[in-house]
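Biologist: I have a structure open and would like to learn how to read it. Could you walk me through it, one feature at a time?

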Amino acid sequence: MSKEKFDYFIKGEKGKYEVVIGLEVHAQVLSKSKLFSGSSTKFGADPNNQVSLIDSAFPGMLPVINEECVKQAVRTGLGLSAKINNYSVFDRKNYFYADLPQGYQISQYKNPIVGEGKVLLDMPYGSKEIGIERLHLEQDAGKSIHDMDPSNTYVDLNRSGIALMEIVSKPDLRSPDEVNAYIKKLRSIMRYLGTCDGNMQEGSLRADVNVSVRKEGDTNFGTRCEIKNVNSIKFMQMAIEYEAARQVELIENGKKIDQETRLFDTKKNETRSMRSKEDAHDYRYFPDPDLLPLKLEQKLIDDLKKSLPELPDKKKERFVKEYGLNAYEANVLVSEKEISEYYEEVAKLSDKKLAATWMMGDLFAMLNDRGLDISKSPISAKHFAELVQAIKSGEISGRIAKEVFEIMVESGDNPKKIIESKGMKQQSDPKELEKMINEILSKNKDKVDQYKAGKEKLFGFFVGQVMKLSGGKANPQLTNEILKKLLKG
Amino acid sequence: MADITNQSLNEIIENVKTKKVSSSELTKAYIKNIEGAKKLNAFVTTTFDQALDKSKKFDNKPNFDQLLPGIPLAVKDLFCTENTKTTAGSNILNNFIPSYESTVTKNLWDNGSFLLGKLNCDEFAMGSSNETSYYGNVINPVGDQLVPGGSSGGSSSALAADLTPATIGTDTGGSIRQPASFTGTVGLKPTYGLCSRWGIVAFASSLDQAGPMTKTIKDCAIMLEAMSGFDEKDSTSINKKKEQYSKNLKDNIKGLKIGIPKEYRVDNMPKEVDELWEKGKKILKDLGAQLIDISLPHTKYALPTYYIVAPAEASSNLARYDGVRYGYRSKQGKDLIEMYEKTRSEGFGDEVKRRILIGTYVLSSGYYDAYYLKAQKVRQLIKKDFDDSFKKIDAILTPSTPSSAFKIGEKTNDPVSMYLNDIFTVPVNLAGLPALSMPAGVDNQGHPLGLQLIGKALDEQKILNIGYAFEKNCGFNNEIKKWWS
């Protein structure tokens, strides 16, 4: 346990309040075609170009389950250490809307494909387990576009029928930070599994956020409000903060919290009532008679389990053991599958610990500045490993390495070529260094005297002079040693 | 040659194959009949030009190996037909022209036939008299005051009036068998899943099944063979080898055990229906079948169960008719909700609205358990009744309907008495079993009456065989005077 303590509470006049959060995450299944039709799921096509007769609900059209989507849901369930249900049922959720062609969404209500599971979070105050209630498959709706015409609404059905996994957490989250960690972990697991690309800008990952508050120490939950369809972690956090504060204020003023659905207004940073419990839709769920219950053979589940990739928790353990990283380093380096793969490639060819330090420092800073994913890094893992090795072997100093790194970013060249062509190799020949140092000492006799008289701070001055004279290439360790020796004499 | 159109499909096929009649001659003969039978109002749409064109193409390059060589067929307007308007008997699909062909009709065309026109039906197949159609009621050729049954009333009327050599309908609670019974024709509702539902305008998905309507049992076997088959586009389609029903048709039913369910003797059933049932039993017995009294104790719950399950599914299935993407859209309405309300109020008729309301109600929160869930449980019990009985019998014989064709307008103001017409047919749909209605005699007014044979799941061949033997020995002759022409 770290020395940091969990302390996210809302302070009211009458005490501290704990915030209880549960998430319903909608993750778009990574698949070529939709849940019940052969239409493409590719993002960014022209409106209504990826719509089959089934997606647009023409008379007599029937859904046929896409097996790949089922497998993806099972994989995700396994990645969440969840119970996979051999028997699940597709239900119709009935409501009218212009972008819902069937007049119902095919979803899973009473019998979801995946049951209880869990996600582990690494928080500064220790690891925390978040329970998963269930995961079910459902169809996405189309998109209503209200701002193309002053008096008409346009509908784009490209998204209509795309498979979503709704992942429902237990009300185990207690702060915006935990929500951040939870979403990132969920996203990471699904990206490792290849079951969801986790792209929040494209809407592949969205969440409904359930928030309630209770006095610190209370064991009963307060009345919750559901904030619909929030599509970034930052907005989720803002919405939770606003909503928790709103609820605390109501309680402190002796008012009741209504169970209701609310919307988060990102411009005004506030949540607003969308509909109360009384106005809640009656979705009239019933089993879809067009689809038979989904029965999964245990063998299919077992086979999928065997073929799962190494997931972040396991990989983290291995990184600590195999590469001697600390928990923090391992955590950062496994957060994204691509990062972990890059790291492993570098670590195989260079010093494991130094590679981690340099990746998490300069490489991440550069990628961050440029807004690049590691897969788009201008420096290949192989070149990066060569750079790490050049530092480790003493061929170049850390300071020079930063320069080499910059040039690598711009040119894409390998570090060897850069070091050689620019003569950046570190000066590590003791004789040469001694010659240089003697030259400096003889030029600065007064300072040498002062040093000898006890002004030891001047040591730094001499080092600086050596670096200046060598163009920064002097081996710092050797320089220190020789300088000390000569100053003594 | 004599009027070919009053022959059976099988005879017509033989005449085409032996070149006694060409496909074009045949098609022209039916077009003439149809044009002379407008009073019956059996057709919503005719496709004469297209049919003539197809018949000529067939004659130029005939393929006599097909099941339906060069045969023109009219079909119920519930089957989506590519580039031909498909209305489902509703105003809301008044302008709907599908870009696709239903699997069942495609199967027919792939076997050598082609479309003659689309037949009137109750709106969205909801009705037992063909009086709920937006395109007007259909008249039974048996008598100008009589309904042809429903919902496949256009189909039964057209068939009995020689406007098509055979046809297909859909049967959700009796919509093939009851009109067949009312017109002295043969109608078969196959096992649920034997014929694909893809491209058929849905009424109640767990009950809907397409099937043949013909003049004879042999014709029925031919049509079933042509239209049935596994379809991967329908998740409820049964994946099994295609059967050769017509080739395997046999009239030897010696030793078969025929169940007679006591629950099908209902109160106020006309004496003639009872007598007809007795006649049927005797014929089968004389043919060597063994009659066995059975009990299907949950039969009395079938009708209420049906009128929960079917409207529930319909209320959801019909949600797609919202005026947004195709079909009728009201010009009124200042926002989306109002557009929906006006479109659906103007687009749907009373019976459809009634069932949407019932269905919405029984699925509503707070009522679901008491109605829909309970109905599903009862449905299982009804199915179990049949399963238990079929352990000791081969088929079940019952009347098809509690009466012969009733008068136009007689039951339109009394939905429940209309629903009661389905009392013998509905249990079969709930159990997903195959059932055949075959003409067996007439009542004292000379109106045809049918008997129903119910089989085990996928036992179509057996009930066709029993029907075949029965037909040969029943001596029924459908004498319809062509009063309309």
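Modeller: Happy to: we will look at how helices pack and then at how two chains meet. Please keep in mind that this is a predicted model.

Biologist: Let's begin with helices. What describes two packed helices?

Modeller: Two things do: the angle between their axes and the distance between the axes. Now take a case here. In chain B, helix 4 (residues 103–110) and helix 7 (residues 217–227) have axes that come within 7 Å and cross at roughly 110°. An angle from 65 to 115 degrees counts as roughly perpendicular, and therefore helix 4 of chain B and helix 7 of chain B are roughly perpendicular to each other.

Biologist: Which residues of helix 4 of chain B and helix 7 of chain B meet?

Modeller: From helix 4 of chain B come Val104(B), Asn107(B) and Leu108(B), and they meet Met223(B), Ala226(B) and Met227(B) of helix 7 of chain B. By class, this contact has five nonpolar residues, one polar and no charged.

Biologist: At what angle do helix 8 and helix 15 of chain B cross?

Modeller: The axes of helix 8 (residues 271–286) of chain B and helix 15 (residues 460–474) of chain B cross at roughly 105° and come within 10 Å. That angle makes helix 8 of chain B roughly perpendicular to helix 15 of chain B. Helix 8 of chain B brings Lys279(B), Gly280(B), Ile283(B) and Leu284(B) to the contact, while helix 15 of chain B brings Ile466(B), Phe470(B), Asn473(B) and Cys474(B). Five of these residues are nonpolar, two polar and one charged.

Biologist: Now the two chains. How many residues does the contact take from chain A and from chain B?

Modeller: Chain A gives 30 residues and chain B gives 39. Together the chains bury about 2,800 Å² between them, with 58% of it on carbon and sulfur atoms. Three residues, Pro59(A), Phe96(A) and Arg284(A), supply 22% of the area that chain A buries against chain B, more than any other three.

Biologist: Which residues form a salt bridge between the chains?

Modeller: Arg197(B) pairs with Asp290(A), and their closest N and O atoms are 3.0 Å apart. The count between chain A and chain B is one salt bridge, and there are also 16 residue pairs in polar contact.

Biologist: And what is the side of chain A that touches chain B made of?

Modeller: Strand 4 (91–94) and strand 15 (286–287) of chain A are the elements that give two or more residues to that side. Its residues divide into 20 nonpolar, five polar and five charged.

Note on methods
Residues numbered from 1 in each chain as written. Chains lettered and ligands numbered in written order. Predicted model: local features only at pLDDT ≥ 70, side-chain atom pairs only at ≥ 80, totals over all residues. Heavy atoms only, no water. Axes fitted to C-alpha atoms, helices over the stretch in contact; angles between N-to-C directions. Helix = DSSP H or I, 4+ residues; strand = E, 2+ residues; numbered from the N terminus. Parallel < 35°, antiparallel > 145°, perpendicular 65-115°, else oblique. Contact = heavy atoms within 4.5 Å. Nonpolar A, V, L, I, M, F, W, Y, C, P; charged D, E, K, R; others polar. Buried area = accessible area lost by both parts, 1.4 Å probe. Salt bridge = Lys/Arg side-chain N within 4 Å of Asp/Glu carboxyl O. Polar contact = N/O pair within 3.5 Å; in protein donor to acceptor, adjacent residues only side chain to side chain.
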